[in-house]
Amino acid sequence: MDNDLYSFALKNTLDEIRNLCPDLKNAFMFKEDGELTAADENTPQKTIVSIVDAFDGLLEKADTVGGIELIAIEGNKGGANVSHMNNHYLVTVTSENADRNYVNTTTHILVTTVLKLLEKISPAPLKNHPSETETRPEIPAIKTDEEPAEQPAEKPATVEPEQSTKPEALQEEPTASQFMVEDIGGLLVSADTVRLDKETLLQWQELYEDRNIEEVEIETFEGKSVRCKIKPIKDSKQDGKGIVQIPQKIQRTLQIRKGELVKVKPILE
Amino acid sequence: MTKKKKGIQMIGQVTEPIAIDLTVSVNDLRAKLEEIQKQDGVIGYILRNTSSASIDLKDPAKLIDYALLSSSALDASEELSELFALGNVRSVLVEGKNIKMLSLIVDGNRISVFMEKNVDSEVLRKTLCEK
């Protein structure tokens, strides 16, 4: 769901930028690993795949210059920019007589703002949503799929038929929640333990009340997953921020780093 | 050859016949690049065409890395230009966190100039493109 949310928000942003800057012919974004994030309606996916392939070699060699921040291409019939922002590459193609400064400034400001906004809200998309919390107070704060969360037995009026008839079946399949990766350091840090905020752990305890949760499964959006022990984050200031603190060793195993999103699912015992 | 010993300077020649005007153009470009190379913040350059290549870099250990980057940047840009109908690629500027590279195609010569980020690449581009 969050990937779709990301893509939807970014696609709309790119379309709006194109409306704002008619000289912008094409705009699309892809992640550092080459995965397409969003594209305006004018750019065929086949073209994007070819571009990502073409730039793959160049981006790999970018360590020579300390990593790519910007590639500006000027042709005699137009220009293109590839900008690195928040772990994404934004490609913009402009017509020959375009005011490239204007297009680039507008694009950069809007896309960066939307990306930052998405990164802030995406780890906890429902957490601070008033209508959701008012109408369904018992639903866990962070969900990554569309399935409604199971309701506690004492509130049958709000429970959907399938859930009320199969509460145990749902509990067998704990839903994954999405969190942003934070580093965890220190001498006493266990390399096989991740930390989540107490609020989330409490919600899991309420949801799976007769089950012991000592481990979680962390899965990346590339499909890599590990199972590791879980402990609460010590710093209460981190509560409710939608972060998961992961030791470097596990981050390397999953090929992720600070700021990226992962799915975390409790292992029920 | 210049007197300086701080960097590597290589000129390779192949036996293909070279048109006189091309030679003039290459010599002219090489002269411009040698002047550019003296500027503060300029790290080096690579100049190559179908028949020869000149490389002058302050850090010879980076030669292969820079050559690969230069080649990849121009190739990728040409592909992008073809897909989006941008015409002939005039210039490619690759900005990294530490340094930047300006690549140009002038009269069939592929030039890449490596510089620190505070160098005005637009001035270099104009210098290299002016006849």
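**Make-up of chain A**

Chain A contains eight helices and 11 strands. The model is a predicted one. Of the 269 residues in chain A, 33% are buried. Taking the contacts in chain A between residues at least 6 apart in sequence, 65% link residues that are at least 24 apart.

**The barrel in chain A**

Six strands of chain A form a closed barrel, and their order is β6-β10-β7-β9-β8-β11, with mixed pairing. From one strand to the next, the twist averages 45°.

One of the pairings is between strand β8 (residues 213-219) and strand β11 (residues 261-268), both of chain A. These two strands run antiparallel and are joined by six bridges. Within this pair, A:I213 is opposite A:L268 of β11(A).

**Contact between chains A and B**

Chain B places 31 residues in contact with 28 residues of chain A. On the chain B side, the elements that supply two or more residues are α2 (63-83), β4 (89-96) and β5 (99-106). The largest contribution to this side comes from α2(B), with 12 residues. By residue class, the side of chain B that touches chain A has 16 nonpolar, eight polar and seven charged residues.

**Strand pairing across the chains**

Strand pairing also links the two chains: strand β3 (residues 68-75) of chain A pairs with β4(B). The sense is antiparallel, and the pairing extends over seven bridges. A:L70 has B:E95 in β4(B) as its bridge partner. The strand β4 (89-96) of chain B is also among the elements that give two or more residues to the side touching chain A.

Technical notes:
Residues numbered from 1 in each chain as written. Chains lettered and ligands numbered in written order. Predicted model: local features only at pLDDT ≥ 70, side-chain atom pairs only at ≥ 80, totals over all residues. Helix = DSSP H or I, 4+ residues; strand = E, 2+ residues; numbered from the N terminus. Buried ≥ 20, exposed ≤ 12 C-beta atoms within 10 Å, placed from the backbone. Contact = placed C-beta atoms within 7 Å. Pairing = 2+ DSSP bridges. Axes fitted to C-alpha atoms, helices over the stretch in contact; angles between N-to-C directions. Nonpolar A, V, L, I, M, F, W, Y, C, P; charged D, E, K, R; others polar.
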